[in-house]
Amino acid sequence: MSQAGGTPAAETAARLRAEIEQHNVRYYVYDDPSISDADYDRLMRELQDLEAAHPELVTPESPTQRVGAAPVSAFGSVRHAVPMLSLGNAFDEEDVTAFDRRVTDTLRGAGLLGPAQQTEYFCELKLDGLAISLRYEDGRLVQAATRGDGQTGEDVTSNIRTIKAIPLQLTGPAPKVLEVRGEVLMNRADFEKLNAAQAKRDEKVFVNPRNAAAGSLRQLDPRITAKRPLRFFAYGWGEVQGLPGGQNGLFDEAPAGAAEASPLPEKFHGAMLDWLASLGLPVNVKHNLRATGAEGLMAFYAKVGALRASLPYDIDGVVYKVDSLPAQKLLGFVARAPRFALAHKFPAEEATTTLLDIEVQVGRTGAITPVARLKPVFVGGVTVTNATLHNEDEIRRKDVRIGDTVIVRRAGDVIPEVVSAVLDKRPADAREFVMPKECPVCGSAIERLEDETIARCTGGLFCAAQRKQTLWHAASRKALDIEGLGEKLVEQLVDSGRVKSLADLFSLRPLELVGLDRMGQKSADNLVEAIDKARAPALGRLLFALGIRHVGETTARDVARHFGSIEAIMDADEDALSSVPDVGPVVAGSIRRFFAEQHNRDVIDQLKAQGVQPVAEAVPQDTTLAGKTFVLTGTLPNWTREEASMRIQAAGGKVSGSVSKKTAYLVAGEDAGSKLTKAQELGVTVLDEDALKALLGES
Ligand code: 5U1
C-alpha cells in the first residue's frame, strides 16, 4: 500500500486509518463505541484533509472511500441494488454557504436555474439512529438491510418485520420494486425505560438511544427485537421500478395517456416523500420543510436547534437536499456522498474527557450528589468542567472510576452527565469512589436509608449548604418571589453568619447590604423593598417556600386551601393531612415530621415576629374543570404555558408536569415532544389552544 512509503504524511494516514477502522468495528459491529461522534468526525476530517493534500496516499481501502463497516457474519448479507450513500458534513455557516454556492453555480451553468434564481431545498432532521433499506416488491416487504459498507449490508428482515411502524404491505397502487431508505431509532423516553428494565435484570445497558436501536436490531432472536420500542422514518429511496401507470424508472417517460392515471408525484424530493407517506410509510412530515438559498437553510438550522432538546428522539443535525430531482441527477455524486445533499451537524452532545475527581454536593434537602470534576471539554456548545453522577449506585452501575476517560453528555439545557467510562483506556491507578461518612460542608453524618438510593446529610438547617439552598428556594419566583436575592448574595449572607434562617431575611436593612459584593445603595434599597413585599405571601407560597420534602407548588396550594391557616397546618395530624385531595401518606408524613421539629416551628414564630402574615388562598369559584388534571407541552399560539395553567386552575382544574393514566387532557402546542407521544400511547385526549379555550368557555 502506498502509505508504507514512510513519509510523515503516509505514516499519519496509516495511523489514522487503523484508528478509524478500529472505531468502525467498535461502533458498527459491537455497538460499543469508545470515542464520541465528535472525536470520530475529527479523525475522519483529519484523514480527509490529509488525503486532499496528498492524493497519492488515497487507497481503495481507506475509510474515506467507504461508508461504514463490513457486515457482521451472523446475518446474511444483502447487496444493495442502489448503493446506500453517506452525507457530506457542514459544521458552520461558511460550509453551508459554500455548499449552496457550488450547487447554485452548477445548476445555473446547466440552465436549470435562471441567473437570479436561488436553489430550492428540502430540509429534514438528521435522526440519530440506524440507516436501513426496506425492499418492497409488488407492495410487499420482502427484505430489509442495514447500510453496512454502503454496497453490502446485513439482512435484518426478520427483525425489521417486528417494528410496528413499518408496513409489511404498502397501501394503494405500489410499484413493482420500491426500496425505501430511512432511519430506525428509539425515543429517549423508551430508551430510559429499556435501560432501567435491563439494569433491573442485570442485563446490558446501552450508552445512548442510537446504540440501543442498533443493538436491538442486531438481535439474533427477533422475539427480543419485537419487545424493543423501535421506530422508523423514511427519508429517501433506492431502486424504483415498474411504477403504477406503466412508467418504469422515476426518470423514464410515462406511456402516453398514463400521466393522469399515475399516482407518481412530480419530480421533487418533498413530493416523493409525500408519495411514500401515501403508501403508508412513516415520514417525518411534522418537521420537514422547504427552504430557499443558504439563508433559508440557516433559518431551518436555527429553528431546529431551538427545538432539539424538546424532540422525543436524538438528532445530530439537519439534512439539506436539493428539492428538484432532475437537479439532483445533474449534480450527481462524489466518492462517498451525493453533491445534492448536505448534513449540517449540531455541536456534539457527547465528548470524551478525563475524570479528575469525584466530589459531593449537598442539596436543599440534604441529598448528596456525587459530582464529576472533569478536564474541561467542549460539548453541547459549551465548555463543561462538572457533570452529575446522580448517586452512588449509578457510579457502581456505570463502573466509573477517578482517572478514567469518560463520555460526557450535555443535551439542551439539561445538566451534563457522565454516560460511561471507556474501559480500554482505564489507567492502572484508577480509583473507586467512596461515599464520605461526613458532610463536607457541616461535618454532620451522612446517612443512607435502606430503601433509598440517595444518601443525605443529617445536618438539616445546621448545614450551611442546605441553608443556602433553602433560602434560594424560598426567594424563587414560585415561592416568595423576592427579586434580586440571587445565589451569590445568599452565599455572602449565610457565610457571614448574618442570615441563619428564612426569618433573618426580613430583618435585613439597606445599610448592612451596601458594600456586599456588587451591592450599591440602589440595589440594597430595591432588595429590602422586594423583601418587604414578600411579608404578605399567599399561604400556599409560604408553605412551598419552607422547602418541605415532597411538597411542590400545587400540593402546597391544595393544603393551604384546605386548612386556611399556617397554625392549622402545623397542628394537623397525618389523617387530617391525608384528607386533602391528592395528598397521600408520603406527603402527609413529610409535612407532619417537618412541623414536629421545634426549630421549624421556631422559624414560623420568628417570621410572624418579623411581620410576615400569610394570606388565605382564594378558593376557585369556577368548578368547570374540577377534578380534571391537565398537562401542558409545546408552544401555544397565543398563551404562555403559565397563562394557560392559571386559567385552568382558575376553572378548578389541576396542572401537572407529567403525563400519566390520571391525565384528563394534554394541551399541546407547536413542537410538542415526548409528552405528546406518551399521551397518545395512553389514549389521553389532546387539545390545542382553541379546544382548551372552548373547554374554558372562552371561545
Ligand atoms: N433525514 C435524512 N437523513 N439522511 C441520511 N435524510 C438523509 N439522507 C441520507 C442520509 C444518509 O442520504 C441520502 C441523501 C443519500
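This is a predicted model: local features need pLDDT of at least 70, side-chain atom pairs count only at pLDDT 80 or more; totals for chains, interfaces and linings use all residues.
1. Start with the shell. Around the ligand sit Leu-85, Leu-87, Glu-124, Leu-125, Tyr-235, Val-319, Lys-321, Pro-338 and Ala-341. By class, that shell comes out as seven nonpolar residues, two charged ones and no polar ones.

2. Nitrogen atoms of the ligand come up each time: one is 2.8 Å from a side-chain N or O atom of Glu-124, and one is 2.8 Å from a polar side-chain atom of Lys-321. With Leu-125 it is the backbone that takes part, with an N or O atom 2.9 Å from a ligand nitrogen. As for cover, the ligand on its own would expose 380 Å², and the protein buries 86% of that.

3. Which strands each supply at least two residues of the shell? Strand 3 (120-127) and strand 10 (315-322) do.

4. Strand 11 (residues 341-345) is worth a look too. Five of its five residues are buried, so the strand is largely enclosed by the rest of the structure. Ala-341, Ala-343 and Lys-345 point one way, Leu-342 and His-344 the other, and all are buried. Ala-341 also belongs to the residues surrounding the ligand.

5. As for strand 11's partners, strand 10 pairs with it in the antiparallel sense over five bridges; within that pairing, Gly-317 has Lys-345 as its bridge partner. Strand 2 (residues 89-90) runs parallel to strand 11 and is joined to it by two bridges, with Ala-90 standing opposite His-344.

How values were computed: Residues are numbered from 1 along each chain as its sequence is written. Side-chain values use heavy atoms; hydrogens and water are left out. A residue is near a molecule or strand if one of its heavy atoms lies within 4 Å of it. A polar contact is a pair of N or O atoms within 3.5 Å; within protein, one must be able to donate a hydrogen and the other to accept it, and residues adjacent in sequence count only if both atoms are side-chain atoms. Accessible areas come from the Shrake-Rupley method with a 1.4 Å probe; for residues, only the protein chains shown count as cover. Helices (H or I, at least four residues) and strands (E, at least two) are DSSP runs, numbered from the N terminus. Ala, Val, Leu, Ile, Met, Phe, Trp, Tyr, Cys and Pro count as nonpolar, Asp, Glu, Lys and Arg as charged, and the others, Gly among them, as polar. Buried means under 20% relative accessible area, exposed over 50%, partly exposed in between (1.4 Å probe, protein chains only). Two strands pair if DSSP finds at least two bridges between them.
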